[in-house]
Amino acid sequence: MSFDALRAEVVAAHGRISALKSVSPSPEADAAFASLVALCIQPPSSFNFDTYDEVARFLEEDSVLQPLVPQLLSFYSSRQSAIEFEHVRNFLAAEDPAAALVAFPTHRNYKDLTASELTTLCMAAGVPMDAAASKFAKVLFVGSGPLPISAVMLARGPLSASHFTCMDLDADANALAALLTAQCCGGTEFEFVTTDVASLEPRVTAAIANADAVFMAAMVGITREDKRRNLLRITGAMKEGAVLLARSARGLRTLLYPAIEDGTVAASGMRVASVFHPENYVINSTIVMVKEA
């Protein structure tokens, strides 16, 4: 496929999605977004690119695609939020909300991510998996949303004794998430904070500074400037020895989630322990960083 063909594919995907009456789950919306995702997970070689960086530069520099990229990011963010709100309400209405979680469209994605991410956190912290519970006694999720699946999976598994703090801008999202965790993670302590992580509120600083592990969701900032400000706010308040796992994206996947730029990571002063870029159905890259003295 040529560059022109890729441009045409992105333009067509944008056209299908922008024509939708709603991004909420429906046959039309499901098909439109499935088509976009299928496009985004293809390797660079499908479009005659040698590397993912070349794809990213093409998206940044092409005059036709430049205005479409932020719109697609916004569409996808709204789409994910709509899906999560719909599903968490369905879960809470189910006889067994925990069992109903498997119906979530990206459940397999999150299950695989959660297992690999905990392993990566342990490696970054220099502790074995059987020491994860003691090492990560306090966990902070930033941008947790109404359906904090990763937190739930950790709380129902190896980190059941940990204290979880979930931070999100949306009060309704936090209210639903609190109900879900109460149903699915009865023995684990959860706290919900409704605020912007970029704020200078003392409670935000305290939540970050108390955490042994911080998870930064992929949609915490959908512009480069927001992403940079949020990441630097988090890393600036973290305590020594704490580990940050930030979700990012590369290549065409940046049409779905914004990337964390190398310059932002460098500016944080954190030690980069690992970077993982999936090449399968998983969308998000992960960057694991450690706060050192």
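This report describes the strands, helices, aromatic pairs and selected loop residues of a predicted model.

## Basis of the description

In this predicted model, local features need pLDDT of at least 70 and side-chain atom pairs count only at pLDDT 80 or more, while totals for chains, interfaces and linings use all residues. Residues are numbered from 1 along each chain as its sequence is written, and side-chain values use heavy atoms, with hydrogens and water left out.

Helices (H or I, at least four residues) and strands (E, at least two) are DSSP runs, numbered from the N terminus. Buried means under 20% relative accessible area, exposed means over 50%, and partly exposed lies in between (1.4 Å probe, protein chains only).

## The sheet

An open sheet of 7 strands runs in the order S3-S2-S1-S4-S5-S7-S6, with mixed pairing; two strands pair if DSSP finds at least two bridges between them. Strand S3 (189-194) and strand S6 (271-276) stand at the edges with a single partner strand each, so one side of each has no neighbour in the sheet. From one strand to the next, the twist averages 15°. Such angles run from 0 to 180 degrees between N-to-C directions, and axes are lines fitted to C-alpha atoms, for helices over the stretch in contact.

S1 and S2 run parallel and are joined by 5 bridges. Valine 139 has phenylalanine 164 in S2 as its bridge partner. Helix H9 (residues 171-184) packs on the sheet, where it touches S2 and S3, and its direction makes about 175° with that of S3. Contact here means heavy atoms within 4.5 Å.

Strand S7 (residues 285-290) has 6 of its 6 residues buried, so it is largely enclosed by the rest of the structure. Ser285, Ile287 and Met289 point one way from S7, whereas Thr286, Val288 and Val290 point the other way.

Strand S5 (residues 243-248) is joined to S7 by 6 bridges, and the two run antiparallel. Within S7, valine 288 stands opposite leucine 245. S6 also pairs with S7 in the antiparallel sense, over 5 bridges, and arginine 271 has valine 290 in S7 as its bridge partner.

The buried residues of H3 are Tyr52, Val55, Ala56, Phe58 and Leu59. They cover an arc of only 160° around the axis, which puts them on the same side of H3; the arc is that of the directions from the helix axis to the C-beta atoms. This buried set packs against H1 and helix H4 (68-93), while the face of H3 turned away from the buried side carries the exposed residues Asp53 and Glu61. Arginine 250 lies over the face of tyrosine 52, at 3.5 Å from the ring centre. A charge sits over a ring if NZ of Lys or CZ of Arg is within 6 Å of the ring centre and within 35 degrees of the ring normal.

In helix H10 (residues 202-210), Val204, Ala207 and Ile208 are buried. Seen down the axis of H10, these residues fall within an arc of 95°, so they line one face of the helix. Their cover includes strand S1 (138-142), strand S2 (163-168) and helix H11 (224-237).

## Aromatic pairs

The whole structure contains 9 aromatic pairs. Rings of Phe, Tyr and Trp (its six-membered ring) pair if their centres lie within 6.5 Å; planes under 30 degrees apart count as stacked, over 60 as edge-to-face and the rest as tilted. Phenylalanine 3 and phenylalanine 58 have ring centres 5.6 Å apart and planes at 45°, so this pair is tilted. The pair links distant parts of the chain, with phenylalanine 3 in helix H1 (residues 3-18) and phenylalanine 58 in helix H3, 55 residues apart. Phenylalanine 3 is partly exposed, with a relative accessible area of 37%, whereas phenylalanine 58 is buried at 12%.

Phenylalanine 141 and phenylalanine 215 form a stacked pair, 4.4 Å centre to centre with 5° between the planes. Phenylalanine 141 in strand S1 and phenylalanine 215 in strand S4 (residues 213-216) are 74 residues apart. Phenylalanine 141 is buried at 7% relative accessibility, and phenylalanine 215 is buried at 5%. One aromatic cluster is formed by Phe141, Phe164, Phe190, Phe192 and Phe215.

## The loop between H2 and H3

Asparagine 48 lies in the loop between helix H2 (27-40) and helix H3 (52-61). Asparagine 48 is exposed, with a relative accessible area of 51%, and has a positive phi of about 65° although it is not a glycine. Most residues other than glycine have a negative phi.

Serine 46 lies in the loop between H2 and H3 and is partly exposed, at 22% relative accessibility. Serine 46 and proline 158 are 112 residues apart in sequence and 39 Å apart in space, C-alpha to C-alpha.
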